[in-house]
Amino acid sequence: MPSVRPSSRRSTDQAWLITGPLALFAVVCSVALALISPPLPRNLALAAALLVIMLAAGSQRLHFVIRRQGLTVNVTEIPLVLAFFWLRPLTVVVIAVVAVLILQVRSRISPTKLWFNVAKAGASASLAGLVLTALPPLEEISSPGTWLTLFGVVSVNTLAGLAAVSGVISLVHGWPAGWEVIRTGGPQLLSSAVNVIVGLVVLIAIETNWWALVLIAVLAVALVVVYRSYAQFFRQHRTLGDMYELTRAMTASGQDGTLIDVLLGRIRKLMQAEYAVLWLPAQGRHSEVMLTARVDSSGLLDVAPTPAVVREEARRLRRTLAWGVRLDGGERLQAVLRNSGVKDVIAVPLRSGQAVIGTLEVVNRLSDLGHFTADDVPVFETVAAHAAVALENNRLVDRLRHDAYHDGLTKLPNRRRITEALGEAVRIRAPGEVVAVLLFDVDDLRQVNESLGHAAGDSVLTEVAARLRASAPAAALVGRLGGDEFLVTLRVESADAALELAAGLREQIRDEMVFEALTLDVNTAVGVAVYPDHGADPTTLLQRVDLAATAAKSVPGSVQLFNPALESRSLRRLGIAGDLRRALDSGEVEVYFQPKVTLRDRRLVGVECLARWEHPAHGTVMPEDFVAVAEHTGQLGRLTELVLREGLRRSRDWAHADQPLSVAVNLSARTLTDRHFPAQVRELLTEYDVPPHQLTFEIKETGVLDGADRPIPTLRRLRDLGVRLSVDDFGTGYFSLAYLRRLPVHEVKVDRSFVQGMATDPGDLAIVNAVVTLSQQFGLAVVAEGVESELTLELLEDIGCDIGQGFLFSRPLPYERLEAWFGAQTEVEALPSADVRRLRVVP
């Protein structure tokens, strides 16, 4: 009887609903046979011999392959033909039942299956005996009537057994399974018919001449030897074919992520096992894997029938462990498995080089009569070796795929993975939601790398990544685009919610970062873009959020939502990049001058030189636009030289008119990295014959005075020339006057945002007052930018500010208008030493 699996629809104990009626039927038929014919055989020795022959026939199953179809043949019909001819029917029933009972007990199957098979044998044989007694008596063996009678009687025995098996399987597994037994029973009936014919031939030969037994015995031995050779060759051939198919299947499945499913299913079928188990302990970023393929389950289970100590022992000892009826696994393994319900098991360690990466197990050879043998162990070890290679390659492929989609430093998804995930998000956007894209640009990372080394910069990036992961919502995807840019994308209710989230995450990142004895304040600029408002595809969204992040660096709060103006400005910059060189050659770029006035006595002490560009097609181009273009196209040096030459020329002209005028020129942080720049300044001062103290270089605080020592040598060389140095837009960075005291600067320009807020914001007034007071104590002059009202002017005078600059005095003017403005706004005051021009009271 086929074995019944644990996941059967009904309990196997219900097989008694078939076994009981079969046993009762066998008893009734046997009683009827006893009444019809004498119960004792004519020859007890013959009955015993036929019992031995039945035991031998029942213990052997022949397996053949015909056109790739497997066929299992049992030759029990041959001794039945002899028994029904030579013995009484009741005697045949007795020896058939005894033979089955002995075979089933020897196989150590469950009591339920044992008694079912015994009852089935008794019912089938007794029914065949009744049929035999109902037919005309047997004649000589040479009579065709005798052949037909014996053929029919044995066929009834076979059909009754097939019906009983179909019935019990239908009861336990459902009627489709029972019908499948009948539908596929054709080969079994055919082999039974062939066996009956062979039995008749043997019977005819023996009845003709008892010496034929010798020939039959020799023929049987020869057939056994030939079959064993065939079986061994077939088993080897089938094993090699199955291993080849297994290797091909593992290679193909490694590409689509189904390797383990295919591997375990194929191994279970190859080894004809009830279970195939793969165990891979946790290793690195890979978690523990425990998967099992079971014969009656289409999917994989996460439990195994064998105790964990078996695979742990195989891994520890680094050798194969095998236990079963035909395997000697040692007393310790036997003690572990005796009460586990495992019939037999083979556990093989999986090796990758010298390391053991896990184990592969097969448990319980299918059918109650089948067991794993010593010949199965090397086959399974070979399979395990192939499986180990496939699993390790699959892990390598998985690692390569992971590395291809993740950043090596922070382990976050990289740009490729972010782009794919963003594409998926915009395709399945839920109604009433937007897909938010937040780009975090870490400020001043280059300075950290240059000052503290790239290891410190990597530590900053790793910490930013950890804080973003910890602070971002669980549904958000956090990734690194590259360099100092991180991206967070998720679904939110609106753009306002995205801005609020961006501001909150930015504050989480801004907390102090401590690296050994150093504490850093890391700031970020955050750009925000949302789908579908700002783009319909990942490429557009990433482009526009990058524009927003760039713009965020110059807005309060450093968080900027994308708007079309940012893109048009970027496109405009791109459009003017090719025209800047021509503009510098043709003189389209002009220099304007904005006066700087002493607040105490309204004296004109200098001017700031500012570049202006009127593009023939685009109109007025903002300085921040074309200066950025100049930096990225290599034109910054020419632009700086143009402004510096024009400023020195005008300063020389005023000096010739006995009206000394200092000029101030803005320097980019990139200019301070040019070691040849101080020498160029010295040459220009000599060329225009301008005293060095009449030239002031204004340097922005952010991007230059950031704690790095890189610009200091250039600043000192300029100071040694006698040039004055000024810190522009002071207050917008994060460094104190105490740090500025270390630098060779002479002047501080308070940022216009504080000056313009003095009249309305006490905080801004306090900041300006503190800067003026501390700067004067350090011997630094103070210039207030953005003076635009009388009230602001009065407040600056009260706190003792030195110089003012702003629209209240004058906007930036071309040189001709500057002279006219100066003539209109000044009056001559006679002094003993000379006539001094003072600015009139500003109306």
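This is a predicted model: local features need pLDDT of at least 70, side-chain atom pairs count only at pLDDT 80 or more; totals for chains, interfaces and linings use all residues.

Colleague: What is L55 in contact with, once its neighbours within four places in sequence are left aside?

Modeller: L55 is in contact with A99, I102 and L103. Contact here requires heavy atoms within 4.5 Å.

Colleague: What is the overall make-up of the protein in helices and strands?

Modeller: There are 28 helices and 26 strands in the protein. Of its 843 residues, 46% are buried. Among contacts with a separation of 6 or more, 67% are between residues 24 or more positions apart.

Colleague: Why is S192 called buried?

Modeller: The relative accessibility of S192 is 3%, and buried means under 20%; S192 therefore counts as buried. S192 is placed in helix α8, residues 186-208. Not counting residues up to four places away in sequence, S192 touches E77 and T158. The C-alpha atoms of S192 and S155, 37 residues apart along the chain, are separated by 7.4 Å.

Colleague: Why does S191 receive the label buried?

Modeller: S191 also lies in helix α8. Its relative accessible area is 11%, and the limit for buried is under 20%, so S191 is buried. The C-alpha atoms of S191 and E77 are separated by 9.4 Å, and the two residues are 114 residues apart along the chain.

Colleague: What makes the phi of R318 worth a remark?

Modeller: R318 is not a glycine, although its phi is positive, at about 60°. R318 is in the loop between α11 (308-317) and β6 (321-323).

Colleague: Why is R318 called partly exposed?

Modeller: The relative accessibility of R318 is 34%. Partly exposed lies between the limits of under 20% for buried and over 50% for exposed, so R318 counts as partly exposed.

Colleague: What kind of peptide bond joins Y531 and P532?

Modeller: The bond is cis, with omega about 10°. P532 lies in the loop between β14 (524-531) and α18.

Colleague: How do α14 and α18 cross, and which residues make the contact?

Modeller: The axes of α14 (residues 415-427) and α18 (residues 538-552) come within 9 Å and cross at roughly 115°. The crossing of α14 past α18 is right-handed. On α14 the contact is made by R415, T419, L422, G423 and V426, and on α18 by P538, L541 and L542. These residues divide into 5 nonpolar, 2 polar and 1 charged.

Colleague: How many residues are in the largest nonpolar core, and which have the most contacts inside it?

Modeller: The largest nonpolar core has 71 residues, and V681, L695, F697 and L796 have the most contacts inside it. Helix α21 (residues 636-656) supplies the largest share of this core, 6 residues. Leaving out residues up to four places away in sequence, V681 touches L644, L695, F697, L718, L721 and V723. Apart from this core lies another, of 33 residues, among them V434, A456, V464 and A498. In soluble globular proteins, nonpolar side chains tend to be buried together.

Colleague: How many disulfides does a search of the whole structure find?

Modeller: The search finds 0 disulfides. A disulfide would require a pair of cysteine sulfur atoms within 2.5 Å.

Colleague: Why are C29 and C609 called buried?

Modeller: The relative accessibility of C29 is 4%, and the relative accessible area of C609 is 2%. Buried means under 20%, so C29 counts as buried, and so does C609.

Key: Residues are numbered from 1 along each chain as its sequence is written. Side-chain values use heavy atoms; hydrogens and water are left out. Axes are lines fitted to C-alpha atoms, for helices over the stretch in contact, and angles run from 0 to 180 degrees between N-to-C directions. Helices (H or I, at least four residues) and strands (E, at least two) are DSSP runs, numbered from the N terminus. A crossing is left-handed if the near helix is turned anticlockwise from the far one by less than a right angle, and right-handed if clockwise. Ala, Val, Leu, Ile, Met, Phe, Trp, Tyr, Cys and Pro count as nonpolar, Asp, Glu, Lys and Arg as charged, and the others, Gly among them, as polar. A nonpolar core is a set of buried Ala, Val, Leu, Ile, Met, Phe, Trp, Tyr and Cys residues joined through side-chain atoms within 4.5 Å. Buried means under 20% relative accessible area, exposed over 50%, partly exposed in between (1.4 Å probe, protein chains only).
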